[in-house]
Amino acid sequence: MAEKIIAYRFDRLDQTLIQLNRENCAIIAGGTDVMVMHKSRRGVPPKIPKPIVFIDHLSELKSVHQNQKDLHIGACCTYSELLGNPLVPLVLKKAIKTIAAPAIRNRGTLGGNVCNASPAGDTLPLLYVYNAKLLLRSVKGDRIVPINDFIQGVRRVQREPNEILAEIILPSVLEDGAHVVFEKVGNRNADAIAKVGFAGYIRLNGAVIDDVRFAFGAVGPTMVRSVYIEKMLLGKTIPLVDSDITQVVAAFDKIIKPIDDQRSTALYRKTVALNLLRYFLSMKQYQHN
(Lines give C-alpha, C1' and ligand atoms only; values in the text may rest on other atoms or scores of the structure.)
Protein backbone atom coordinates (compact mmCIF):
# COMPACT_ATOMS: atom_id res chain seq x y z
CA MET A 1 0.00 0.00 0.00
CA ALA A 2 1.32 3.46 -0.91
CA GLU A 3 2.31 5.69 1.98
CA LYS A 4 -0.36 8.24 2.79
CA ILE A 5 0.54 11.85 2.00
CA ILE A 6 -1.27 14.66 3.82
CA ALA A 7 -1.48 17.95 1.93
CA TYR A 8 -3.39 21.19 2.45
CA ARG A 9 -4.27 23.92 -0.03
CA PHE A 10 -6.38 26.64 1.56
CA ASP A 11 -8.09 29.50 -0.24
CA ARG A 12 -6.82 32.23 2.08
CA LEU A 13 -3.63 33.10 3.93
CA ASP A 14 -5.37 33.29 7.32
CA GLN A 15 -6.59 29.69 6.93
CA THR A 16 -3.07 28.62 6.03
CA LEU A 17 -1.62 30.33 9.09
CA ILE A 18 -4.16 28.63 11.37
CA GLN A 19 -3.10 25.23 10.03
CA LEU A 20 0.59 26.03 10.47
CA ASN A 21 -0.16 26.97 14.07
CA ARG A 22 -1.80 23.58 14.60
CA GLU A 23 0.75 21.36 12.88
CA ASN A 24 4.40 21.45 11.80
CA CYS A 25 4.18 21.34 8.00
CA ALA A 26 6.47 21.53 5.01
CA ILE A 27 5.67 24.68 3.03
CA ILE A 28 5.75 24.42 -0.75
CA ALA A 29 5.55 27.43 -3.06
CA GLY A 30 7.18 26.67 -6.41
CA GLY A 31 8.67 23.44 -5.08
CA THR A 32 11.70 23.73 -7.35
CA ASP A 33 14.08 23.14 -4.45
CA VAL A 34 11.95 21.11 -2.03
CA MET A 35 11.10 18.48 -4.64
CA VAL A 36 14.77 18.04 -5.53
CA MET A 37 15.83 17.70 -1.89
CA HIS A 38 13.27 14.95 -1.26
CA LYS A 39 13.34 13.22 -4.64
CA SER A 40 13.08 9.45 -4.86
CA ARG A 41 13.93 7.05 -7.66
CA ARG A 42 12.16 7.56 -10.98
CA GLY A 43 8.41 7.04 -10.82
CA VAL A 44 8.24 7.20 -7.02
CA PRO A 45 6.72 10.28 -5.35
CA PRO A 46 9.14 12.35 -3.24
CA LYS A 47 9.21 11.43 0.43
CA ILE A 48 8.50 14.58 2.43
CA PRO A 49 8.41 13.66 6.13
CA LYS A 50 5.80 16.27 7.12
CA PRO A 51 2.31 17.21 6.00
CA ILE A 52 2.49 19.63 3.06
CA VAL A 53 0.96 23.09 2.81
CA PHE A 54 0.80 24.67 -0.66
CA ILE A 55 1.00 28.48 -0.73
CA ASP A 56 1.91 29.38 -4.33
CA HIS A 57 -1.67 30.33 -5.23
CA LEU A 58 -2.34 32.72 -2.32
CA SER A 59 -3.02 36.21 -3.70
CA GLU A 60 -1.94 37.79 -0.39
CA LEU A 61 1.62 36.58 -1.12
CA LYS A 62 1.81 37.70 -4.77
CA SER A 63 1.59 41.50 -4.61
CA VAL A 64 4.33 43.89 -5.72
CA HIS A 65 3.75 47.44 -4.55
CA GLN A 66 5.48 50.65 -3.61
CA ASN A 67 5.24 52.23 -0.15
CA GLN A 68 6.94 55.61 -0.40
CA LYS A 69 10.46 54.64 -1.60
CA ASP A 70 10.27 51.06 -0.33
CA LEU A 71 9.50 48.16 -2.65
CA HIS A 72 7.37 45.34 -1.23
CA ILE A 73 7.59 42.02 -3.07
CA GLY A 74 5.22 39.18 -2.23
CA ALA A 75 7.18 36.07 -1.29
CA CYS A 76 5.25 33.89 -3.76
CA CYS A 77 5.87 36.06 -6.79
CA THR A 78 7.52 33.84 -9.37
CA TYR A 79 10.69 34.91 -11.11
CA SER A 80 8.79 35.22 -14.39
CA GLU A 81 6.21 37.51 -12.77
CA LEU A 82 8.98 39.72 -11.38
CA LEU A 83 10.63 39.94 -14.81
CA GLY A 84 7.41 41.45 -16.15
CA ASN A 85 6.86 43.93 -13.32
CA PRO A 86 7.95 47.54 -14.01
CA LEU A 87 8.64 48.26 -10.31
CA VAL A 88 11.35 45.60 -10.02
CA PRO A 89 14.87 47.06 -10.43
CA LEU A 90 16.61 46.13 -13.66
CA VAL A 91 19.62 44.73 -11.82
CA LEU A 92 17.37 42.31 -9.91
CA LYS A 93 15.85 41.24 -13.22
CA LYS A 94 19.37 40.63 -14.50
CA ALA A 95 19.99 38.25 -11.59
CA ILE A 96 16.67 36.50 -12.14
CA LYS A 97 17.48 35.88 -15.81
CA THR A 98 20.52 33.83 -14.73
CA ILE A 99 18.34 31.44 -12.71
CA ALA A 100 17.77 28.07 -14.36
CA ALA A 101 15.49 27.84 -17.41
CA PRO A 102 12.11 29.50 -18.15
CA ALA A 103 10.17 26.48 -16.88
CA ILE A 104 11.81 26.81 -13.46
CA ARG A 105 11.41 30.60 -13.44
CA ASN A 106 7.70 30.08 -14.05
CA ARG A 107 7.49 28.11 -10.78
CA GLY A 108 10.33 29.29 -8.53
CA THR A 109 9.68 32.21 -6.16
CA LEU A 110 11.77 34.94 -4.61
CA GLY A 111 10.61 33.86 -1.16
CA GLY A 112 11.79 30.35 -1.88
CA ASN A 113 15.24 31.61 -2.87
CA VAL A 114 15.46 33.36 0.51
CA CYS A 115 14.07 30.53 2.66
CA ASN A 116 16.21 27.87 0.99
CA ALA A 117 19.22 29.82 2.32
CA SER A 118 21.65 28.34 -0.17
CA PRO A 119 25.14 29.89 -0.14
CA ALA A 120 24.78 30.05 -3.94
CA GLY A 121 21.31 31.65 -3.92
CA ASP A 122 21.31 33.82 -7.04
CA THR A 123 19.28 36.78 -5.78
CA LEU A 124 20.77 36.84 -2.27
CA PRO A 125 23.85 39.05 -2.88
CA LEU A 126 21.55 41.74 -4.27
CA LEU A 127 19.06 41.39 -1.43
CA TYR A 128 21.93 41.82 1.04
CA VAL A 129 23.23 45.03 -0.54
CA TYR A 130 19.67 46.34 -0.73
CA ASN A 131 19.44 45.78 3.07
CA ALA A 132 16.34 43.68 2.48
CA LYS A 133 13.92 43.17 5.34
CA LEU A 134 11.67 40.14 5.59
CA LEU A 135 8.07 40.32 6.77
CA LEU A 136 7.14 37.11 8.59
CA ARG A 137 3.47 36.47 9.35
CA SER A 138 1.74 34.09 11.79
CA VAL A 139 -1.51 33.93 13.74
CA LYS A 140 0.30 35.96 16.40
CA GLY A 141 0.96 38.84 14.00
CA ASP A 142 3.83 40.18 11.92
CA ARG A 143 7.51 40.63 12.61
CA ILE A 144 10.23 42.10 10.43
CA VAL A 145 13.73 40.62 10.32
CA PRO A 146 16.79 41.88 8.40
CA ILE A 147 17.86 39.31 5.82
CA ASN A 148 21.33 38.92 7.32
CA ASP A 149 19.75 37.94 10.66
CA PHE A 150 17.16 35.67 9.01
CA ILE A 151 19.71 33.55 7.11
CA GLN A 152 21.84 31.87 9.75
CA GLY A 153 23.72 29.21 7.80
CA VAL A 154 23.43 26.66 5.02
CA ARG A 155 19.66 26.05 4.74
CA ARG A 156 19.15 27.46 8.25
CA VAL A 157 16.77 30.39 8.71
CA GLN A 158 15.14 32.22 11.59
CA ARG A 159 11.57 31.15 10.79
CA GLU A 160 9.25 29.63 13.37
CA PRO A 161 7.20 26.59 12.23
CA ASN A 162 3.97 28.62 12.43
CA GLU A 163 5.33 31.50 10.30
CA ILE A 164 5.26 32.25 6.60
CA LEU A 165 7.57 34.64 4.78
CA ALA A 166 5.01 37.07 3.40
CA GLU A 167 7.07 39.88 1.86
CA ILE A 168 10.58 40.88 0.91
CA ILE A 169 10.98 44.61 1.53
CA LEU A 170 13.70 46.59 -0.25
CA PRO A 171 14.08 49.84 1.72
CA SER A 172 14.50 53.06 -0.25
CA VAL A 173 15.29 51.12 -3.41
CA LEU A 174 13.03 53.29 -5.56
CA GLU A 175 14.40 56.72 -6.51
CA ASP A 176 17.53 55.91 -4.51
CA GLY A 177 19.98 57.13 -7.16
CA ALA A 178 22.49 54.40 -6.34
CA HIS A 179 24.50 52.43 -8.87
CA VAL A 180 24.07 48.70 -8.33
CA VAL A 181 25.77 45.84 -10.14
CA PHE A 182 25.31 42.07 -10.11
CA GLU A 183 27.65 39.44 -11.49
CA LYS A 184 27.31 35.68 -11.48
CA VAL A 185 30.08 33.33 -12.54
CA GLY A 186 29.04 29.82 -13.56
CA ASN A 187 29.78 27.16 -16.14
CA ARG A 188 27.44 28.93 -18.57
CA ASN A 189 25.32 32.07 -18.71
CA ALA A 190 22.09 30.45 -17.51
CA ASP A 191 20.80 27.24 -15.94
CA ALA A 192 23.93 26.91 -13.81
CA ILE A 193 24.57 27.04 -10.09
CA ALA A 194 26.79 30.00 -9.20
CA LYS A 195 30.48 29.42 -8.58
CA VAL A 196 30.64 33.02 -7.36
CA GLY A 197 27.99 35.70 -7.00
CA PHE A 198 28.72 39.38 -6.43
CA ALA A 199 26.65 42.49 -5.86
CA GLY A 200 27.99 46.00 -5.43
CA TYR A 201 26.08 49.13 -4.39
CA ILE A 202 27.40 52.68 -4.40
CA ARG A 203 25.68 56.03 -3.92
CA LEU A 204 27.54 59.26 -4.56
CA ASN A 205 27.15 62.83 -3.42
CA GLY A 206 28.86 64.51 -6.32
CA ALA A 207 32.13 62.57 -6.52
CA VAL A 208 32.11 61.59 -2.82
CA ILE A 209 31.02 58.13 -1.69
CA ASP A 210 27.93 58.56 0.47
CA ASP A 211 27.09 54.86 0.85
CA VAL A 212 28.71 51.66 -0.39
CA ARG A 213 27.91 47.97 0.10
CA PHE A 214 29.27 44.64 -1.18
CA ALA A 215 28.01 41.06 -0.90
CA PHE A 216 29.47 37.79 -2.17
CA GLY A 217 27.67 34.49 -2.74
CA ALA A 218 29.03 30.92 -2.89
CA VAL A 219 32.23 31.84 -1.01
CA GLY A 220 31.05 31.00 2.52
CA PRO A 221 28.21 29.32 4.44
CA THR A 222 26.12 32.49 3.96
CA MET A 223 26.50 35.68 1.96
CA VAL A 224 29.72 37.49 2.84
CA ARG A 225 29.25 41.14 3.71
CA SER A 226 31.16 43.46 6.06
CA VAL A 227 29.81 46.84 7.14
CA TYR A 228 33.18 47.48 8.82
CA ILE A 229 35.06 47.16 5.52
CA GLU A 230 32.44 49.19 3.66
CA LYS A 231 32.97 52.09 6.08
CA MET A 232 36.60 52.33 4.94
CA LEU A 233 35.34 53.92 1.72
CA LEU A 234 32.80 56.40 3.09
CA GLY A 235 33.84 59.96 2.26
CA LYS A 236 36.37 58.85 -0.35
CA THR A 237 36.31 60.47 -3.78
CA ILE A 238 35.72 58.74 -7.10
CA PRO A 239 37.87 57.62 -8.86
CA LEU A 240 39.44 55.75 -5.95
CA VAL A 241 43.20 55.70 -5.61
CA ASP A 242 44.95 52.34 -5.89
CA SER A 243 45.87 52.23 -2.19
CA ASP A 244 42.20 52.49 -1.13
CA ILE A 245 41.19 49.72 -3.54
CA THR A 246 44.04 47.49 -2.37
CA GLN A 247 43.10 48.03 1.28
CA VAL A 248 39.48 46.97 0.72
CA VAL A 249 40.40 43.97 -1.42
CA ALA A 250 42.94 42.82 1.20
CA ALA A 251 40.32 43.13 3.94
CA PHE A 252 37.85 40.95 2.04
CA ASP A 253 40.64 38.47 1.26
CA LYS A 254 40.76 37.71 4.99
CA ILE A 255 37.04 36.98 5.40
CA ILE A 256 36.15 35.25 2.12
CA LYS A 257 36.52 31.54 2.86
CA PRO A 258 35.18 29.37 0.04
CA ILE A 259 35.46 25.59 -0.19
CA ASP A 260 36.42 23.09 -2.86
CA ASP A 261 33.45 21.21 -4.31
CA GLN A 262 32.33 19.55 -7.54
CA ARG A 263 31.72 22.91 -9.22
CA SER A 264 34.94 24.74 -8.44
CA THR A 265 38.01 25.12 -6.24
CA ALA A 266 38.28 27.43 -3.26
CA LEU A 267 41.25 29.20 -4.87
CA TYR A 268 39.32 29.90 -8.05
CA ARG A 269 36.32 31.21 -6.13
CA LYS A 270 38.38 33.57 -3.98
CA THR A 271 40.39 34.83 -6.94
CA VAL A 272 37.27 35.57 -9.01
CA ALA A 273 35.43 37.19 -6.08
CA LEU A 274 38.29 39.57 -5.34
CA ASN A 275 38.73 40.37 -9.05
CA LEU A 276 35.04 41.28 -9.31
CA LEU A 277 35.40 43.54 -6.28
CA ARG A 278 38.51 45.21 -7.66
CA TYR A 279 36.84 45.77 -11.04
CA PHE A 280 33.81 47.36 -9.36
CA LEU A 281 36.00 49.67 -7.26
CA SER A 282 38.07 50.63 -10.32
CA MET A 283 35.12 51.85 -12.38
CA LYS A 284 35.76 55.46 -13.32
CA GLN A 285 32.15 56.48 -13.76
CA TYR A 286 28.93 55.39 -12.11
CA GLN A 287 25.55 55.83 -13.73
CA HIS A 288 22.24 55.72 -11.94
CA ASN A 289 20.20 52.52 -12.35
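Begin by selecting strand E1 (7-8), strand E2 (26-28), strand E3 (52-54), strand E6 (133-138) and strand E10 (164-170), which are among what covers the buried residues of helix H1; helices (H or I, at least four residues) and strands (E, at least two) are DSSP runs, numbered from the N terminus. This is a predicted model, in which local features need pLDDT of at least 70 and side-chain atom pairs count only at pLDDT 80 or more, while totals for chains, interfaces and linings use all residues. Residues are numbered from 1 along each chain as its sequence is written, and side-chain values use heavy atoms, with hydrogens and water left out.

Next, select helix H1 itself (residues 13-22), whose buried residues are Leu13, Thr16, Leu17, Gln19 and Leu20; buried means under 20% relative accessible area, exposed over 50%, and partly exposed in between (1.4 Å probe, protein chains only). Looking down the axis of H1, you will find these buried residues within an arc of 160°, so they line one face of the helix; the arc is that of the directions from the helix axis to the C-beta atoms.

Leaving out residues up to four places away in sequence, serine 138 touches Leu17, Asn162 and Glu163, where contact means heavy atoms within 4.5 Å.

Now select asparagine 85, in the loop between helix H3 (79-83) and helix H4 (90-97). Asparagine 85 counts as buried at 17% relative accessibility, and, apart from neighbours within four places in sequence, it is in contact with Val64 and Lys93.

The next stop is an open sheet of three strands in the order E11-E12-E13, with antiparallel pairing; two strands pair if DSSP finds at least two bridges between them. Strand E11 (179-185) and strand E13 (208-217) stand at the edges with a single partner strand each, so one side of each has no neighbour in the sheet. Seven bridges join E11 to strand E12 (residues 196-205), and valine 180 stands opposite tyrosine 201 in E12.

Finally, select Phe182, Lys184 and Gly197, which are among the residues that line the largest cavity. On a 1 Å grid over the protein atoms alone, a cavity is a set of points where a 1.4 Å probe fits but cannot get out, and lining residues have an atom within 4 Å of a point.

Technical notes:
On a 1 Å grid over the protein atoms alone, a cavity is a set of points where a 1.4 Å probe fits but cannot get out, and a pocket is an open set with protein on both sides within 12 Å along at least five of seven lines; lining residues have an atom within 4 Å of a point.
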